[in-house]
Structures are given as C-alpha cells and as structure tokens.
Amino acid sequence: MNTLRSLAFFPLLALLLGLVGCSKSDPASSPAASGSAANTDKPLTIGVAFETLQTQYWVAGFEAIRADLKKRGYTMLEAVSDGDANRQLEQVKNFITRKVDGIILVPKDSKTCLPMIKAANSANIPIVLFNRPADKSEARSVAIVADNFALTRETVAYLIDEAKKTGRKHKAMILVGDLGDINAIGRRDGFDAAVKGNEATIDVVARIPTEWNQEKAQAGVVNALQANPDIGFIFTSSDFLLPSIVSALKSAGKYHKIGAAGHVILGGFDGDATAYQMLVDGYLDATGVQDVYFEAQQSVQAILDLRAGKTVPELIRDPGFVIHQGNLSAKSAQMWGAQIGKK
Amino acid sequence: MRAGTDSVFRRALASDYFVFGLCVVYAAIVAPFTPGFATPDNFGNILATLLPLLVIALGQMLVMIAGGIDLSVTSIVGLASIVGALAINDDTGWLAGSALATPVGVLLMLALGAAVGAFNGLAITQLRMPAFIVTLAGMMAFSGLAVWLTQSKAINRLPAAFNLLGGTTAITFAIVVFVAAFLHLLLSRSLFGRWLYAVGHNPRTAHISGVPVAGTIVAAYVASGILAALAAILLTGQAETGSPVLGQRILLDVIGATVIGGTSLFGGRGKVLWTVFGVLFLKLIDNSLNLLNLSIFTITMVKGAVILFAAVMDSLRRRFADARP
C-alpha cells in the first residue's frame with residue numbers, strides 16, 4: 001500500500017506544480033503589463049545574463065550595461081550562471097517568465113546559447129549577445145563583438161615591429177583561449193595572420209591551451225619556458241592571464257622592463273587594469289583594447305531599435321584600438337582598464 | 001510539555017513528508033513577493049530543470065545508502081555528453097544521418113556511464129581505496145579526458161529525436177518518472193534493495209549475514225554512472241549541444257539535494273521520495289532567489305547554508321535513532 005501511495009506521488013507532484021501555477025497570477029508580469037511597456041514610454045525592464053563575472057572585463061561590461069540602463073531609467077534584472085549553460089537557459093526562461101522587454105546575454109559559448117535565443121524568439125523578446133556571437137542558425141539575435149581577428153593582428157604586428165628593431169630572431173609563445181569561444185579563435189587566427197610572412201623574425205615554438213584558466217596558463221608558460229628558455233616574445237589572448245605570465249617570467253628571471261637587456265616582448269588583448277599598470281610601469285609593450293563602453297551602449301541601443309522595429313545588423317563590430325608605449329597618454333582615457341585602475 | 005515538543009520534533013524529522021512540507025511552506029512564503037514565481041511558465045521551468053538534477057541525485061542516493069559517495073558524476077555527465085555528441089552529430093558524427101544515431105548514441109552514453117561506475121566500484125572494493133579519493137581522482141581524470149577529446153569545443157547539430165529527450169519536458173518527465181518508480185520498487189521490494197541498506201548500515205554485519213558486499217557496492221556505483229549518463233542525455237538534449245563542461249558546476253546541488261532529502265551521509269538511510277523532495281526544495285530556493293534578482297554569490301551562499309542545515313539535521317536524526325530505547 002505504501003509503495004502504491006509513493007508511486008502515485010510522482011504524477012501528483014506534476015499535477016500540483018501545474019495547479020499551483022494556474023491558481024495564481026503575477027500582476028507585474030501579466031501580458032497586459034508587458035504590452036503596455038511595449039507601446040508607451042514606461043521604463044523598460046532588461047534581463048542581463050552573464051556566463052561569468054570572474055574577470056575584470058566581464059565585471060566592467062556588466063557594470064557598463066548597468067550604468068547605461070540606469071542612465072536611461074530602465075530596470076535591470078541580473079543573472080550569472082557561473083559557467084553552467086543549462087543554468088543559463090533556466091535564467092533566460094526566468095526572464096521570459098517575468099516578461100522582460102529585452103535580454104542581453106553573454107553565453108558560455110556560441111552553441112549552447114542557441115536554445116536560449118530560440119526561447120526569446122518564441123516569446124518575441126529581442127535578444128542581444130554581448131561580446132560573444134552565436135553560431136549561424138535560424139535563431140535570430142544581434143551580437144556586439146570586438147573585431148578580435150583584426151585587433152589582434154594589429155596588436156601582434158606592432159609587437160613584431162618592436163621585435164624587428166632588435167635585429168634578431170625571437171622564439172615566440174601564444175596563450176590560446178578556450179577554443180569553444182569564437183573570440184579565442186579570432187585572436188589565435190589574428191596572431192597567426194600577423195606572424196605569417198614574418199618567420200624571419202618570429203618562430204612560434206609554444207602554443208599554450210589555457211581554456212581561459214589562470215592555473216593552466218601558468219603551468220603551460222612555466223613548462224614552455226623550461227623547454228625553450230630563450231623565448232623572447234609572448235602574446236596572451238586575454239590580459240587576465242598576464243599575472244600568470246609575469247609569475248612564470250619572474251621565476252625564470254626573465255621579467256625585465258622594455259629597453260632592458262633580456263626584456264621579453266609582451267602583448268595582450270582586452271585592456272584591463274593589470275595591462276594598464278604594466279604599460280605604465282614599462283613592462284607591457286602593447287595590448288588590443290576592447291571598447292567595453294561602446295559595446296554596452298550598442299547592446300542597449302540594439303534592443304531599443306529591435307523593439308522599435310528598426311533593422312539592426314546581426315553583427316555590430318567594436319573596432320577597438322591598440323594601446324602601446326607610443327600612444328599611452330593619448331589613448332588611456334578610452335581604455336576601460338585605465339578607468340578601473342585609476343579608481 | 002518539553003518532552004511533548006521534543007516528540008513532535010522527532011516525529012516531524014522522521015516523517016517521509018518533512019521536506020515536502022518545507023517545500024510547501026517555503027513556496028507559500030515566497031510566492032506573494034517573488035515576481036513571476038507562482039506562474040505556470042515558471043513551474044514549467046522548475047520542472048524542466050529539476051528532472052536532470054533528480055536523475056543524478058537518485059544515483060548519488062544509491063551510492064550514499066551503500067555508505068559511499070560519488071564525486072565523479074559531473075565528469076561522467078561531461079564525458080558522456082561529448083562522446084555522445086561526437087558519435088551522433090550531423091556534421092562529423094560516426095553515425096551522422098543514420099536512423100540509428102539516437103538509439104545507438106543513447107546506449108553508448110549509458111554504457112560509458114556504466115563503465116566509469118564499474119571502474120569506481122571496483123577500485124573501491126578490490127583495491128580498498130576510499131570512495132572519496134577514487135571518485136575525486138575520477139572526476140579530474142574524466143573531466144580532463146572530456147576536454148581533451150574535442151580540445152574544449154562544444155558540438156551541436158545533434159539529431160532532433162535526441163534533442164527531444166531532454167528538450168521536451170513531457171518526454172523527460174515520463175523518462176524520469178519511470179526511472180524513479182523503478183528505483184523505488186528496487187529499494188523497497190527487491191533483495192538488492194535490502195542488501196544496499198544492510199551494506200550501508202554495517203558492511204561487516206552484512207558480510208557475516210551473507211550479503212555480497214563488494215558486488216552490491218559495485219552495482220551501486222554502476223547505477224550511479226548510468227544515471228549520470230542518463231542526466232547527460234537530458235542535459236545535452238536541453239542545450240541541444242554536447243559539451244565537455246556540461247554539468248561541471250552542479251556537484252554541490254547533487255549532493256546537497258540528496259542530503260536535504262534525508263539520505264544519510266553515514267549510509268543505510270535514503271528513499272527515492274526523499275530525494276525527489278530534496279531536489280524540489282533546492283530548485284525552489286534556486287529559482288525564487290533568482291527571480292528575486294539576487295546575485296549568484298548570494299544564491300550560492302544561501303544554498304550552502306541550507307545544505308549545511310540539512311547535514312546538521314542528518315546528524316540529529318542519527319543521534320535520535322541511536323538514543324531510541
């Protein structure tokens with residue numbers, strides 16, 4: 001009898017979930033409320049779902065979006081999935097349940113976000129991907145991304161010019177990001193494009209797969225420096241890995257200022273506060289800066305334009321810029337890491 | 001009067017429906033001031049995300065009843081997800097375009113889960129290694145293998161029939177109800193169920209009584225591996241993507257939900273229904289705090305506190321049971 005009662009519980013549980021759900025309604029999220037938001041000047045509610053807040057770049061992006069929405073008088077609902085794609089899908093569905101007026105998403109990768117975009121499409125809620133585009137599919141979204149390939153190529157080209165000035169050939173290392181992240185692939189390809197044709201100056205002897213993990217990056221750099229102690233050129237696909245490189249270089253006795261004998265030419269991507277400080281201190285040669293404020297502003301604007309029925313391109317490029325010792329004082333005001341560093 | 005209160009408290013703790021009562025009370029308290037909580041759509045969301053977690057937690061429950069712990073379940077999810085996706089994806093899959101892609105892929109993933117579970121169980125019983133170390137090392141090794149197989153890349157374009165298994169709540173629900181009912185009967189009506197509880201209570205006594213202790217423990221780990229692989233099928237279908245890091249962050253939820261339900265960390269206690277309630281309670285907390293727009297850090301802290309509270313309750317139950325005349 002007990003067994004039968006227990007077995008009967010499972011369908012009853014489902015029924016209960018349905019009944020409780022049907023028995024109450026949430027006035028704030030009723031279709032009427034949502035509809036009025038679409039047609040009047042009523043402040044909008046935007047759901048912002050980030051995959052992680054583990055690096056300065058994502059925190060800066062999150063805060064830039066929050067500031068932009070606040071400036072416009074809009075409400076921001078926030079969610080961070082801590083690297084869990086299924087959890088992020090649940091969070092996006094929660095936003096839809098609350099009938100938000102738009103969703104800004106930083107997905108785990110370009111593929112797992114497709115069901116999220118489809119869910120938003122089905123609910124007729126505009127969805128914008130911040131800094132990470134989705135794979136091509138029938139799902140409709142707008143992505144605001146840095147031109148990772150071009151900006152990396154430009155940054156590495158600058159570093160190669162610096163290497164040429166020394167008049168000798170440099171053994172080089174690149175720290176590659178998570179290859180499930182299209183941004184990491186763009187940066188790797190940008191690095192390879194810059195090196196191509198400059199083999200007389202640059203010999204790439206180490207490619208470190210970091211999966212965007214500082215511990216893996218540090219272990220990889222230490223191993224590469226042991227195997228090739230004469231490495232003289234390092235590019236990291238993200239500035240948040242710079243502390244791992246600095247630590248490994250210090251252990252190997254190879255951390256020297258620009259111009260000093262034994263200086264390892266060092267470049268990065270993102271433009272965070274660590275990179276800014278290293279530029280100021282004269283240890284970092286250059287970094288490609290993503291304009292996080294431009295990306296945040298464009299993300300919110302894209303949602304407004306989509307809601308207004310305007311045509312918005314699927315991909316909006318953040319051109320970014322290269323900051324180096326030669327233009328540091330002129331460009332630092334535009335560098336988000338410099339603003340954080342100065343705070 | 002004091003004795004009467006104690007007695008009520010002890011009876012409440014011992015009740016099968018204690019955690020379900022907590023769920024109802026919690027939902028009633030948060031519903032009025034949590035926007036979007038008490039809506040059909042939201043309960044649909046809770047149900048859809050609860051089911052894969054329940055499947056893994058049921059496997060953890062079996063292992064914990066036998067007095068063990070399986071920390072490798074999340075790595076099995078990632079490994080099974082990526083191997084299945086490698087086999088059946090429409091671009092480069094070994095079974096691309098075949099009508100058998102979905103059934104063969106499902107069997108492959110389940111077999112992989114069983115193999116990892118058997119490895120864990122044999123290492124624990126034959127090499128007499130602590131379950132904690134074996135499954136922790138397994139978690140690292142199998143997670144690494146999953147990442148290495150595709151160099152961290154996710155794989156999508158999976159067959160539509162496969163995606164339906166996890167992406168359609170009704171189908172997922174039917175699968176999970178079948179599994180839960182089967183495990184309920186297994187534990188309450190079969191000789192294996194009695195063996196499992198006996199091994200968890202006291203393996204030495206169980207051995208003297210003629211219970212095949214090693215075989216029972218291995219079977220529990222195999223079942224846990226198969227259930228983790230089943231969860232991988234559901235989660236992969238839900239995300240429409242195979243990923244080596246799928247489920248990597250849910251170990252705390254799995255163990256937490258199992259313990260909250262009442263399965264004992266000390267072995268010998270646990271029921272399917274308790275685990276259902278434990279998962280439901282954890283999901284209600286997760287979902288409501290998320291809807292209240294609290295940060296991931298706050299949600300994690302609250303969940304950690306609830307799990308700690310459940311572990312304290314587990315200790316209290318054990319103490320009451322020991323003190324019973």
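In this predicted model, Ser238(A) lies in the loop that connects S8 and H9 of chain A. Its relative accessible area is 4%, under the 20% limit, and Ser238(A) therefore counts as buried. The side chain of Ser238(A) makes a polar contact of 2.6 Å with the side chain of Asp270(A). When neighbours within four places in sequence are left aside, the residues in contact with Ser238(A) are Arg187(A), Trp212(A), Phe269(A) and Asp270(A).

The bridge partner of Phe269(A) in S10(A) is Gly288(A). Strand S9 (residues 265-270) and strand S10 (residues 286-289) of chain A are paired in the parallel sense, with four bridges between them.

These strands belong to an open sheet of six strands in chain A, ordered S7-S6-S8-S9-S10-S12, with mixed pairing. The edges are formed by strand S7 (202-209) and strand S12 (321-324) of chain A; each has a single partner strand, so one side of each is without a neighbour in the sheet. From one strand to the next, the twist averages 20 degrees.

Two helices pack on this sheet. Helix H7 (residues 182-195) of chain A touches strand S6 (170-176), S7, strand S8 (231-236) and S9 of chain A, and its direction makes about 170 degrees with that of S7(A). Helix H9 (residues 242-251) of chain A touches S6, S8 and S9 of chain A, and the direction of H9 makes about 165 degrees with that of S8(A). The loop between S8 and H9 of chain A is where Ser238(A) is found.

Methods
Residues numbered from 1 in each chain as written. Chains lettered and ligands numbered in written order. Predicted model: local features only at pLDDT ≥ 70, side-chain atom pairs only at ≥ 80, totals over all residues. Heavy atoms only, no water. Pairing = 2+ DSSP bridges. Axes fitted to C-alpha atoms, helices over the stretch in contact; angles between N-to-C directions. Contact = heavy atoms within 4.5 Å. Buried < 20%, exposed > 50% of the residue type's maximum accessible area, 1.4 Å probe, protein only. Polar contact = N/O pair within 3.5 Å; in protein donor to acceptor, adjacent residues only side chain to side chain.
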